[in-house]
Amino acid sequence: MESVWYAFSEIYKKGLVYRGTKIMPFSTACNTVLSNFEAGSNYKEVSDPAIIITFPALTKYQGVSFIAWTTTPWTLPSNLCLAVNQNFDYVTFHDEMTDKKYICMKERLAYVLKQAKITKHKVLEEFKGAALLGTEYESLYNFFEDKRADKCFTVIHSDHVNQESGTGIVHCAPGFGEEDY
């Protein structure tokens, strides 16, 4: 143990140690964080639900709802932002059966229509994701409404939003994963 502390002390003296923040697995039973090895030691393949959910826009696109995607629906009460990829194409479309308007990634429109069981629609507008950045939306719950002043509940850019899955709009809850954080 003394050797470990000595080595750490030497590394610290050379300025190679820093204080940072990182999302870590946490054991509520042990009341401590877990190493990646510990968290993965009883890893099991399970089928997680992926859902789409709407978030009504409050500014810029008022009267339109973002159709977001998540594989972690239990984190929705902690939603603080929606992520898009500013370089991809997005569309506003009209669901002619419900008379509602939605935004999703153009490349993912067929997936959205199928998942939402929308049979009649009309694309109203096409634009880059960059046009959505900074748009405020209605939070699902009011738990963190005081965070709105800190620019929460706005649309942000993230490179992890891709064209291969989901709706092109990702729900983010920073307390539940490194990408979201």
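**Exercise 1: a loop residue**

In this predicted model, Asn 162 belongs to the loop that joins strand S9 (154-157) to strand S10 (170-172). Determine whether Asn 162 is exposed, partly exposed or buried, and find which residues it is in contact with beyond its neighbours within four places in sequence.

Solution. Start with the relative accessible area of Asn 162, which is 28%; since buried means under 20% and exposed means over 50%, Asn 162 is partly exposed. Next, setting aside the neighbours within four places in sequence, Asn 162 is in contact with Phe 88 and Met 105. Met 105 lies 57 residues from Asn 162 in sequence, while their C-alpha atoms are 9.5 Å apart in space. Finally, a polar atom of the Asn 162 side chain lies 3.1 Å from the backbone nitrogen of Ser 165.

**Exercise 2: a pair of rings**

The whole structure holds six aromatic pairs. Classify the pair formed by Trp 5 and Phe 8 as stacked, tilted or edge-to-face.

Solution. The ring centres of Trp 5 and Phe 8 are 6.3 Å apart and the planes meet at 85°; because an angle over 60 degrees counts as edge-to-face, that is the class of this pair. Both residues sit in helix H1 (residues 2-13), where being three residues apart separates them by about one helical turn. Trp 5 is exposed at 53% relative accessibility, whereas Phe 8 is partly exposed at 41%.

**Exercise 3: a cavity**

Describe the lining of the largest cavity by residue class.

Solution. Sorted by class, the lining has six nonpolar residues, two polar ones and no charged ones. Phe 153 also forms an aromatic cluster with Phe 55 and Tyr 137.

Technical notes: Residues are numbered from 1 along each chain as its sequence is written. This is a predicted model: local features need pLDDT of at least 70, side-chain atom pairs count only at pLDDT 80 or more; totals for chains, interfaces and linings use all residues. Side-chain values use heavy atoms; hydrogens and water are left out. Ala, Val, Leu, Ile, Met, Phe, Trp, Tyr, Cys and Pro count as nonpolar, Asp, Glu, Lys and Arg as charged, and the others, Gly among them, as polar. Helices (H or I, at least four residues) and strands (E, at least two) are DSSP runs, numbered from the N terminus. Buried means under 20% relative accessible area, exposed over 50%, partly exposed in between (1.4 Å probe, protein chains only). Contact means heavy atoms within 4.5 Å. A polar contact is a pair of N or O atoms within 3.5 Å; within protein, one must be able to donate a hydrogen and the other to accept it, and residues adjacent in sequence count only if both atoms are side-chain atoms. Rings of Phe, Tyr and Trp (its six-membered ring) pair if their centres lie within 6.5 Å; planes under 30 degrees apart count as stacked, over 60 as edge-to-face and the rest as tilted.
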